Amino acid sequence: KQGGEDIKDFLKKSDFSIPIGLSYEFDDAVVELRYNIGLSNIKNDNYIENIFYNGNKIDSKVHNNVLMLTFGYRIPM
């Protein structure tokens, strides 16, 4: 929600991205850092045709970019 308005209809339901990451394992512990670069424009053009800021049309492409940090521990079986 944004400003009390539900915006899910303004966004597409799918997204494609390129993951780039590093992982380090020591003993039973794991640390991973990953960055996902969004490729898809997730703005739904059926709902938003023009976006203006101070009277000027602006680029209305919207992409997801995600940075993830993971800590893990393997339980020996």
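1. In what order do the 3 strands of the open sheet stand? In this predicted model, the order is β1-β2-β5, and the pairing is antiparallel. The strands at the edges are β1, covering residues 17-26, and β5, covering residues 65-73; each of these pairs on one side only. On average, neighbouring strands of the sheet are turned by 10° against each other, with direction ignored.

2. The pairing of β1 with β2 is antiparallel and comprises 10 bridges. One of the paired positions is isoleucine 18, whose bridge partner in β2 is isoleucine 37. The two strands β1 and β2 form a hairpin, with 2 residues between them. In the turn of this hairpin, aspartate 27 has a positive phi of about 50°.

3. On the other pairing, β2 (residues 29-38) is joined to β5 by 9 bridges, and these strands likewise run antiparallel. Tyrosine 35 has leucine 67 in β5 as its bridge partner, and alanine 29 stands opposite tyrosine 73 in β5.

4. The β1-β2 pairing holds 10 bridges, and the β2-β5 pairing holds 9.

Terms used
Residues are numbered from 1 along each chain as its sequence is written. This is a predicted model: local features need pLDDT of at least 70, side-chain atom pairs count only at pLDDT 80 or more; totals for chains, interfaces and linings use all residues. Side-chain values use heavy atoms; hydrogens and water are left out. Two strands pair if DSSP finds at least two bridges between them. Helices (H or I, at least four residues) and strands (E, at least two) are DSSP runs, numbered from the N terminus. Axes are lines fitted to C-alpha atoms, for helices over the stretch in contact, and angles run from 0 to 180 degrees between N-to-C directions.
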